[in-house]
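Good morning, everyone, and thank you for making time. Please take a look at the model on the screen, and I will then talk through a few of its features.

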Amino acid sequence: MTATTSILLLDARGVMRDNVMLYNVGISFVGTCIIAGLGLFHATDQAWLAWYPFLVIMAIITNPSGYGFLFGLLMVDEKDTGVRSALSVSPVRPTTMLTVRMVTSTALMIIWPITSLLMMDATWKAIPVSYMQLLAIVVMLAPVAPLTALSVASYAANKVEALAVFKGISFVVIAPLALKFIAEDAAFRPLFLLSPTAWGYFSFDAFVAGSVTQGYLYVMGGLIYCCALLAFTVRFYLRQAYKIDA
């Protein structure tokens, strides 16, 4: 418990002293407040309501990678400053630190998206699926946070490179949002499932259409896919950073 607390405090201090990280946290909160505020004036406007479900799934899809980037920056900063080398010979095992960060980022990406959706829907009152279905999608996409963090930490040597890597990840993450503008019968739509966030989009669409069973099948498939990608990335990161064959 002492080791876990120390890691959490270390990460909290790292976020608080970094303006880029604070900006990312702040813009997520401000964005939620803006959408909630718009609901005060446009909740009965059919033109606005037609776009509200898209805003909901966009928030669910983009949050994990955005917050995962924060943890990735912390890990890159440790590498850039030599802290990682010092930590590798400390009493806290690298796998312990990694596990704490993975669990923390995953838990955060279950709690915050649901909280933000509750804040948004307090004024709109128009989420087209049940909160249980939303929770299922959020839980399925939560592993994208540690997946993003480890991907950034594995390939970036400094914060400039971290931003470049994150831009590439962001493209993969937001690409499924294009499905809204693609015909339902387009033959290439399943190709989007190569992106882990597409499983969330497809499940949300299925729930909205009333296909509950299909929606949960997408949730289970997406969870398996995300966890498989995460397991591979963890193994790669440990071998690359600490020469540990996990």
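This is a predicted model: local features need pLDDT of at least 70, side-chain atom pairs count only at pLDDT 80 or more; totals for chains, interfaces and linings use all residues.

The side chains of Glu184 and Arg189 come together in a salt bridge, at 3.7 Å from N to O, where the term stands for a side-chain nitrogen of Lys or Arg within 4 Å of a carboxyl oxygen of Asp or Glu. The structure holds one salt bridge. Of its two partners, Glu184 is exposed, with a relative accessible area of 63%, whereas Arg189 is buried, at 4% (buried means under 20% relative accessible area, exposed over 50%, and partly exposed in between, with a 1.4 Å probe and protein chains only).

Residues are numbered from 1 along each chain as its sequence is written, and side-chain values use heavy atoms, with hydrogens and water left out.

How many disulfides does a search of the whole structure find? The search finds zero, a disulfide being a pair of cysteine sulfur atoms within 2.5 Å. The sulfur of Cys226 has its closest cysteine sulfur in Cys227, and because the two are 6.9 Å apart, they are too far for a bond. Cys226 is buried, with a relative accessible area of 1%, whereas Cys227 is partly exposed, with 37%.
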